[in-house]
Amino acid sequence: MEAYTSTVQRMMKRLFGSLKENDRRRYAAIEAAKLGHGGVEYIAGVLECDPKTIRLGLGELEGEDDLDTGRTRKKGAAGNG
């Protein structure tokens, strides 16, 4: 499966490398979900991560629990200080 151009793959890797661990697995999971069948393996290859990590992210995103965002401010808090 060659879903993305090499330029897009490079940008995906760059973004992936800049994210925190939980954001990495969720980003990878979203990309895999967009591709459907074979997406997990393809994205794991592109981002050089374990397919289990992507499946974990998919489970988190498909679940009903709130996602741990690591935010220090409450949702909707104004930043006009």
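**Helices, core and ring pair in a predicted model**

Q: How do you know that the span of helix 1 agrees with expectation?
A: Helix 1 has 13 residues, which should span 18 Å at 1.5 Å a residue; the end C-alpha atoms are 19 Å apart, so the two agree.

Q: Why are the buried residues of helix 1 said to line one face?
A: The buried residues of helix 1 are Gln9, Met12 and Phe16. Seen down the helix axis, they fall within an arc of 60 degrees, so they line one face; the arc is that of the directions from the axis to the C-beta atoms. On the other side, Arg10, Arg14 and Ser18 are exposed.

Q: Why is Tyr4 called buried?
A: Buried means under 20% relative accessible area, exposed over 50% and partly exposed in between (1.4 Å probe, protein chains only). Tyr4 has a relative accessible area of 18%, so Tyr4 is buried. Tyr42, at 10%, is therefore buried too.

Q: What makes Tyr4 and Tyr42 an aromatic pair, and which kind is it?
A: Rings of Phe, Tyr and Trp (its six-membered ring) pair if their centres lie within 6.5 Å; planes under 30 degrees apart count as stacked, over 60 as edge-to-face and the rest as tilted. Tyr4 and Tyr42 are 6.2 Å centre to centre with 35 degrees between the planes, a tilted pair. Tyr4 lies in the segment before helix 1 and Tyr42 in helix 3, so the pair ties together parts 38 residues apart in sequence.

Q: How do you know that the charged end of Arg24 sits over the ring of Phe16?
A: The rule asks for NZ of Lys or CZ of Arg within 6 Å of the ring centre and within 35 degrees of the ring normal. The charged end of Arg24 sits over the Phe16 ring, 4.9 Å from its centre.

Notes:
Residues are numbered from 1 along each chain as its sequence is written. This is a predicted model: local features need pLDDT of at least 70, side-chain atom pairs count only at pLDDT 80 or more; totals for chains, interfaces and linings use all residues. Side-chain values use heavy atoms; hydrogens and water are left out. Helices (H or I, at least four residues) and strands (E, at least two) are DSSP runs, numbered from the N terminus. The expected span of a helix is 1.5 Å times one less than its number of residues.
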